[in-house]
Amino acid sequence: AGAVSTEMHQSPRARRLSSCRADFPPAPSARGGCRRRRGSWLAVASALLASSSGADAQMGLQATTEPLVIGGTEFSREDDIENVEKLNQLYGRVFYTSVMLPDDASIEEAWRGLSADIWTLVDYAAQVPALSLGVAMSLYNYFWWEGPHSLELNVNAGRRAAELTYASLAHSGCNNPGLSMTEFFIRQCPMRWRYVMMLAVEVGRHLVVQRRDMVQGGILLRQVSQCFEEMQQMPHFRAMGPVRVPHEVNFNADYFPAAVVRQGPVWRNYLQDVPIAAFLEANYPTIRGELDAILADKGTFRGLDEQTRNAETQFGPRGDDWQTAYMVRNTEWFEGVCAHAPRTCALLRTRPEVAQCRMAGSGAGFLRMSPGGRLKPHFGNAPRLSVHLGLIVPPGEIKMSVGYETVRWEEGRALVFDDTFIH
């Protein structure tokens with residue numbers, strides 16, 4: 001499938017982090033799971049963790065009275081947001097190097113080692129709450145799929161990520177209804193609550209729908225329901241009005257709650273409400289013609305993807321599941337892409353909501369999904385709205401879930417959706 005996408009941000013505002021009560025169901029042994037996959041990317045021992053003395057030496061972590069050091073990096077025992085960034089750097093360096101140098105045996109070995117170490121960190125985060133959110137985000141960012149080229153969701157990683165994000169709520173105080181609204185945002189409580197919802201509900205749904213595991217899936221979804229009820233006791237979420245199901249959570253509600261209630265995940269009167277949608281539909285023949293020319297020149301689209309793609313962390317199970325050829329991002333034009341699509345770029349330069357929008361993540365470009373491809377569930381950063389124009393839509397089961405709705409692309413038709421919902 002191919003589409004042209006525009007992402008528009010609506011106004012700047014600071015957004016900053018939350019807690020539940022009943023424990024999520026215990027997951028099967030993480031290490032046991034790795035052993036069953038001996039030889040896979042999660043099954044090789046490594047030396048990420050720094051050695052130390054005392055009871056924590058086996059974990060490679062220093063005693064609680066000393067600095068918390070992992071892989072030569074000192075971590076905070078209080079600031080879990082800082083720890084998210086540091087752990088992401090640790091894993092990101094090797095992950096992106098492995099993407100760029102897929103045939104480098106030493107990099108592959110280093111990644112296998114890091115993959116084994118994540119489960120040691122999962123165990124340790126239960127003792128050091130300041131690590132919970134960082135480890136959870138590393139599981140989500142780098143281990144959502146069973147392994148390279150596997151289309152299977154890593155249920156153990158997803159479940160443990162949900163548990164640890166849930167634990168971070170108590171560490172941050174985000175489960176305290178008495179927390180001031182200012183502190184609620186400073187501690188990034190809205191983000192924490194919504195990630196708990198997304199991680200747990202998506203794993204639970206996968207267990208029920210894909211694996212037909214009604215027992216484990218049902219247990220997890222019941223726990224999600226309990227956490228969902230607790231989330232709604234927080235004044236911030238109560239002020240937004242009724243939210244009936246976890247898939248209604250979104251980030252645009254922090255900025256435009258009335259519009260979110262009125263429009264939902266998918267905008268119905270998009271031609272009337274979003275002018276650029278009608279503009280894209282009117283110029284479909286021009287945009288489609290330039291995409292056809294790019295695709296006719298074998299290897300061109302892949303080259304453009306390498307020049308412009310976002311640094312997504314294991315976005316799809318295969319590196320080429322999602323390819324992009326962005327023409328503009330954050331008012332920066334990619335002239336290498338525009339050289340192949342000059343008329344499309346000229347059209348987009350006339351649209352201020354694209355050409356003049358400086359919000360992070362705004363822009364427009366060609367998006368391409370490979371046959372059999374899929375993407376992990378995620379949120380867009382608020383405030384924003386996405387518009388897709390279907391360009392090439394082959395027959396078959398090609399669809400996207402947005403919040404509690406399911407949509408399909410049509411050639412020549414625009415699709416306007418709020419991508420701050422789970423999608």
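**Figure 1. Aromatic pairs of the predicted model.** Eight aromatic pairs are counted in this model, where rings of Phe, Tyr and Trp (its six-membered ring) pair if their centres lie within 6.5 Å, with planes under 30 degrees apart counted as stacked, over 60 as edge-to-face and the rest as tilted. Tyr-91 and Tyr-142 form a stacked pair, with 6.0 Å from centre to centre and 25° between the planes. Because Tyr-91 lies in helix 2 (residues 80–100) and Tyr-142 in helix 4, this pair ties together parts that are 51 residues apart in sequence; helices (H or I, at least four residues) and strands (E, at least two) are DSSP runs, numbered from the N terminus. Tyr-91 is buried at 0% relative accessibility, and Tyr-142 is likewise buried, with a relative accessible area of 0%, where buried means under 20% relative accessible area, exposed over 50% and partly exposed in between (1.4 Å probe, protein chains only). The rings of Tyr-140 and Trp-144 have centres 5.8 Å apart and planes at 80°, so this pair is edge-to-face. Both Tyr-140 and Trp-144 are buried, and they belong to one aromatic cluster together with Tyr-195, Phe-251 and Phe-379.

The model is predicted, so that local features need pLDDT of at least 70 and side-chain atom pairs count only at pLDDT 80 or more, whereas totals for chains, interfaces and linings use all residues. Residues are numbered from 1 along each chain as its sequence is written, and side-chain values use heavy atoms, with hydrogens and water left out.

Figure 2. Helix 4 (residues 132–143) has twelve residues and reaches 16 Å from its first C-alpha to its last, which is close to the 16 Å expected at 1.5 Å a residue, the expected span being 1.5 Å times one less than the number of residues. The helix is mostly covered, with twelve of its twelve residues buried; among them are Ser-132, Gly-134, Met-137, Asn-141 and Phe-143. When its neighbours within four places in sequence are left aside, Leu-139 is in contact (heavy atoms within 4.5 Å) with Ile-118, Trp-119, Val-122, Trp-144, Ala-157, Arg-160, Ala-161 and Leu-164.

**Figure 3. The nonpolar cores.** A nonpolar core is a set of buried Ala, Val, Leu, Ile, Met, Phe, Trp, Tyr and Cys residues joined through side-chain atoms within 4.5 Å. The largest such core has 77 residues, and those with the most contacts inside it are Tyr-91, Leu-131, Val-135, Leu-139 and Trp-193. Helix 7 (residues 189–209) gives the most to this core, contributing twelve residues. Apart from it lies another core, of 38 residues, which includes Met-327, Val-354, Leu-367 and Val-387. In soluble globular proteins, nonpolar side chains tend to be buried together.

Figure 4. Ala-126 is found in the loop between helix 3 (105–125) and helix 4, and counts as exposed at 64% relative accessibility. Although Ala-126 and Leu-164 are 38 residues apart in sequence, their C-alpha atoms are 7.8 Å apart in space. Met-234 is found in the loop between helix 8 (214–231) and helix 9 (235–238), and is buried, with a relative accessible area of 1%. The C-alpha atoms of Met-234 and Cys-189, which are 45 residues apart along the chain, are separated by 9.9 Å. Leaving aside its neighbours within four places in sequence, Met-234 is in contact with Cys-174, Asn-175, Asn-176, Pro-177, Phe-184 and Trp-193.

**Figure 5. Strand 4 and its partners.** Because eight of the eight residues of strand 4 (residues 322–329) are buried, this strand is largely enclosed by the rest of the structure. Strand 4 pairs with strand 6 (residues 363–369) in the antiparallel sense over seven bridges, two strands being paired if DSSP finds at least two bridges between them. Strand 4 also pairs in the antiparallel sense with strand 5 (residues 332–333), over two bridges. Arg-329 has Gly-363 as its bridge partner in strand 6 and stands opposite Glu-332 in strand 5. The hairpin of strand 4 and strand 5 has two residues between the strands, and there Asn-330 takes a positive phi near 55°.

**Figure 6. Strand 7 and strand 10.** Strand 7 (residues 384–392) is mostly covered, with eight of its nine residues buried. Four bridges join strand 7 to strand 10 (residues 414–417), and the two run antiparallel. The bridge partner of Val-387 in strand 10 is Val-416.
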